[in-house]
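Open the model in your viewer and keep the sequence panel beside it. The tour goes from the whole chain to single residues, one selection at a time.

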Amino acid sequence: VVFGPIFSTRTKKQPGSFLGPDIINEIVLRLKIPFGVIGGITRKNIAQVVYAGARHVAMITAITEAEDVAATTAQFVKLIRSRQK
């Protein structure tokens, strides 16, 4: 199960508005299976998503447009894993 877009995104045209990171808190409380989030997640807002409870984060532009894809991905993975302990 994947929820999104969490933030406004350039990847897809959106007919409606984005969900916002607060929805993740609600999903964590109600859904008892693993879930992912996607949509407009960047270096500037990934902490909001992870601190809200997301454990599986899909990112496109933040990685594909990074100067150093490997280093950027490693930083994102480190942040996500740090909240899983």
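Helices (H or I, at least four residues) and strands (E, at least two) are DSSP runs, numbered from the N terminus. This is a predicted model, in which local features need pLDDT of at least 70 and side-chain atom pairs count only at pLDDT 80 or more, while totals for chains, interfaces and linings use all residues. Residues are numbered from 1 along each chain as its sequence is written, and side-chain values use heavy atoms, with hydrogens and water left out.

**Whole chain**

Four helices and three strands make up its secondary structure. Read from the N terminus, their order is β-α-β-α-β-α-α. The protein has a radius of gyration of 13 Å, close to the 12 Å that the globule rule gives for 85 residues, so it is as compact as a globular protein of that length. That radius is taken over C-alpha atoms, and the globule rule is 2.2 Å times the number of residues to the power 0.38. The C-alpha trace spans about 35 × 35 × 20 Å along its principal axes.

Switch to a surface view. The accessible surface comes to about 5,800 Å², and 57% of it belongs to carbon and sulfur atoms; the areas come from the Shrake-Rupley method with a 1.4 Å probe, and for residues only the protein chains shown count as cover. Buried means under 20% relative accessible area, exposed over 50%, and partly exposed in between (1.4 Å probe, protein chains only). Of the 85 residues, 33% count as buried.

Select Phe3, which is in strand E1. Phe3 is partly exposed, at 25% relative accessibility. Which residues does Phe3 touch, not counting residues up to four places away in sequence? They are Leu19, Ile27, Leu31, Phe35, Gly36, Val37 and Ile38. Touching here is contact, meaning heavy atoms within 4.5 Å. Phe3 and Gly36 are 33 residues apart along the chain, with their C-alpha atoms separated by 6.2 Å.

Next, select Gly4 and Pro5. The peptide bond that joins Gly4 and Pro5 is cis, with omega about 0 degrees. Most peptide bonds are trans. Pro5 sits in the loop between strand E1 (2-3) and H1.

**Helix H1**

Move on to Ile23, a residue of helix H1. Ile23 has a relative accessible area of 24% and is partly exposed.

Now show the side chains of Arg30 and Glu26. Both residues lie in helix H1 (residues 22-30), four residues apart, which is about one turn of the helix. A salt bridge is a side-chain nitrogen of Lys or Arg within 4 Å of a carboxyl oxygen of Asp or Glu. By this rule the protein has one salt bridge. Arg30 is exposed, at 66% relative accessible area, and Glu26 is partly exposed, at 38%.

**Helix H3**

Last, select Thr61 in helix H3 (residues 61-64). Is Thr61 buried or partly exposed? Thr61 counts as partly exposed, at 25% relative accessibility. Beyond its neighbours within four places in sequence, Thr61 is in contact with Arg10, Thr11 and Ala66. The C-alpha atoms of Thr61 and Arg10 are separated by 8.3 Å, although the two residues are 51 apart along the chain.
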